[in-house]
Amino acid sequence: CSPAKPHDKRMKAHTPSATAQVVAGSLLCLAHDARHAHLLGDDAANWREHVMSGSPQTRALRASAHWAPTRAFWRWLEAHTLPGGMAHYARRKARIEAHCQAALAQGAQRVVVLGAGLDTLALRLAPAHPDVPWIELDHPATQALKRAGLARSGQALPPNLHWQAVDLSAPQALRNAL
């Protein structure tokens with residue numbers, strides 16, 4: 001036997017977050033569920049469609065969320081691995097957005113989103129708050145996937161939104177980012 005190698009929890013340099021892809025795919029799947037679609041909003045679903053076009057893998061994931069038999073499989077898998085996980089993602093996203101909107105209404109002067117993954121909060125809300133700088137810090141490969149999806153769909157970043165690629169697992173990452 002050889003000694004166990006230490007497990008490196010840092011993300012791989014050129015690999016987008018699998019978690020971000022699963023959450024985004026789950027939310028696209030839930031958009032077809034009458035019990036949860038109201039949590040997502042049409043605008044969020046449209047932006048998520050753009051973001052999920054960044055690679056062949058995310059396009060396949062996006063397509064599977066639109067096909068009823070695949071959605072049924074996703075729901076079966078969810079029920080056997082993480083019951084209620086998809087609804088949790090949707091409720092959590094809705095709650096975060098409500099808190100963000102409340103902070104903006106109370107005069108927040110900057111919004112910083114850490115580890116956004118394929119989330120579309122800043123993309124959707126920044127245009128409605130053009131005087132507020134929005135900064136999204138995330139892993140370089142995940143942001144590259146997101147940028148590719150926007151470019152493929154013809155969408156552009158709002159002028160008050162800045163994406164900064166940062167490996168948040170690296171020591172001192174936040175100190176050096178802002």
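Which residues have the most contacts inside the largest nonpolar core? I looked this up first.

**Ground rules.** I am reading a predicted model, where local features need pLDDT of at least 70, side-chain atom pairs count only at pLDDT 80 or more, and totals for chains, interfaces and linings use all residues. Residues are numbered from 1 along each chain as its sequence is written, and side-chain values use heavy atoms, without hydrogens and water.

**Core.** I found 33 residues in the largest nonpolar core, and Cys100, Val111, Leu118, Leu123, Trp134 and Leu161 have the most contacts inside it. Such a core joins buried Ala, Val, Leu, Ile, Met, Phe, Trp, Tyr and Cys residues through side-chain atoms within 4.5 Å; buried means under 20% relative accessible area with a 1.4 Å probe, protein chains only. Among the elements supplying at least two residues each are helix H1 (18-30) and strand S1 (111-114). H1 gives the most, seven residues. Helices (H or I, at least four residues) and strands (E, at least two) are DSSP runs, numbered from the N terminus.

**Val111.** I then checked valine 111. Beyond neighbours within four places in sequence, its contacts include Cys100, Leu104 and Trp134. Contact means heavy atoms within 4.5 Å.

**Second core.** I noted a separate core of six residues, including Ile135 and Ala170.

**Pockets.** A pocket is an open set of points on a 1 Å grid over the protein atoms alone, where a 1.4 Å probe fits, with protein on both sides within 12 Å along at least five of seven lines; lining residues have an atom within 4 Å of a point. Of the 36 residues lining the largest pocket, Lys93, Gly115, Ala116, Gly117 and Asp119 are the closest to its centre. H6 brings the largest share of that lining, seven residues.

Methods:
Buried means under 20% relative accessible area, exposed over 50%, partly exposed in between (1.4 Å probe, protein chains only).
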